[in-house]
Amino acid sequence: MKPTQIEHIGIAVKSLSEAIPFYERLLGTRCYATEVVPDQKVKTAFFMVGSAKIELLESTSDDGPVAKFIEKRGEGFHHIAFAVDDIQGALSELEQHGVQLIDRSPRKGAEGLVIAFLHPKSTHGILTELCSKPKP
Ligand code: CMX
């Protein structure tokens with residue numbers, strides 16, 4: 001697999017309404033989109049930084065992955081997402097090399113992308129997301 005770029009960096013926050021104005025000042029740019037992703041039990045907010053994005057994540061449910069993460073570790077760096085051309089091919093290749101997949105096939109993520117996660121226990125501690133434009 002060869003990612004084409006860092007698509008985004010995910011940051012878990014308790015409150016988007018508090019975090020968005022802070023990141024708008026820090027990055028000198030407006031949040032250009034917010035979106036609820038029901039599959040992931042999160043509400044997201046996006047900022048462009050060069051060609052990559054910062055994605056703030058607020059949990060929409062007490063039992064969602066981001067709520068559990070904040071309860072255990074507090075707010076902070078949550079995941080890195082790489083853009084790939086062929087997400088299913090990348091997942092198969094990684095699985096063959098012993099990487100533990102959270103998603104064996106892609107599912108719907110924010111911004112119309114298809115996404116899949118690799119378990120942090122098999123990626124040196126970093127929750128890793130692959131994302132790709134859906135095939136027409
Ligand atoms: N980064 C690094 N480690 C993480 C982590 C993260 N984001 N989230 C959990 N972990 C660690 C925990 O600290 C824990 O480690 P220890 O065993 O050493 O304590 C271990 O992984 C297991 O964590 P857990 O709290 O018991 O939670 P689960 O096993 O139930 O779930 C995970 C962990 C990663 C499988 C789950 O959070 C998941 O499926 N994540 C992918 C989906 C997701 O995060 N979606 C939200 C964002 C979506 C978006 O970008 O749109």
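Buried means under 20% relative accessible area, exposed over 50%, and partly exposed in between (1.4 Å probe, protein chains only). The model here is predicted: local features need pLDDT of at least 70, side-chain atom pairs count only at pLDDT 80 or more, and totals for chains, interfaces and linings use all residues. Residues are numbered from 1 along each chain as its sequence is written, and side-chain values use heavy atoms, with hydrogens and water left out.

**Exercise 1. A glycine in a loop**

Task: work out where G64 lies, and whether G64 is buried or exposed.

Solution: 
- Start with the elements: helices (H or I, at least four residues) and strands (E, at least two) are DSSP runs, numbered from the N terminus.
- On that numbering, G64 falls in the loop between β4 and α2.
- Now check the cover. G64 has a relative accessible area of 0%, so it is buried.
- For a sense of distance, pick K133: it is 69 residues from G64 along the chain, and the two C-alpha atoms are separated by 25 Å.

**Exercise 2. Polar contacts and cover**

Task: look at E55, R73 and K121, and find how far a polar side-chain atom of each is from an oxygen atom of the ligand.

Solution: 
- The cut-off: a polar contact is a pair of N or O atoms within 3.5 Å; within protein, one must be able to donate a hydrogen and the other to accept it, and residues adjacent in sequence count only if both atoms are side-chain atoms.
- For E55, an N or O atom of the side chain is 3.0 Å from a ligand oxygen.
- For R73, the distance is 3.1 Å.
- For K121, it is 2.8 Å.
- As for cover, the ligand on its own has 970 Å² of accessible area, and the protein covers 75% of that (Shrake-Rupley method, 1.4 Å probe; for residues, only the protein chains shown count as cover).

**Exercise 3. Salt bridges**

Solution: 
- The rule is a side-chain nitrogen of Lys or Arg within 4 Å of a carboxyl oxygen of Asp or Glu.
- R107 is partly exposed because its relative accessibility is 26%, whereas D103 is buried because its value is 8%.
- Among the others, E95 and R104 have their closest N and O atoms 2.6 Å apart. E95 is partly exposed at 35%, and R104 is exposed at 56%.
- R30 and E24 also pair, at 3.3 Å, and R30 is exposed at 63%.
- Finally, a network of salt bridges links E7, K53 and E111.

**Exercise 4. Positive phi in two loops**

Task: for E111 and H124, give the phi angle, then say which loop holds E111 and which holds H124.

Solution: 
- E111 is not a glycine, yet its phi is positive, at about 60°. E111 lies in the loop between β6 (107-108) and β7 (114-118), and is partly exposed at 29% relative accessibility.
- H124 is also not a glycine, and its phi is positive, about 60°. H124 is in the loop between β7 and β8, and counts as exposed because its relative accessibility is 82%.
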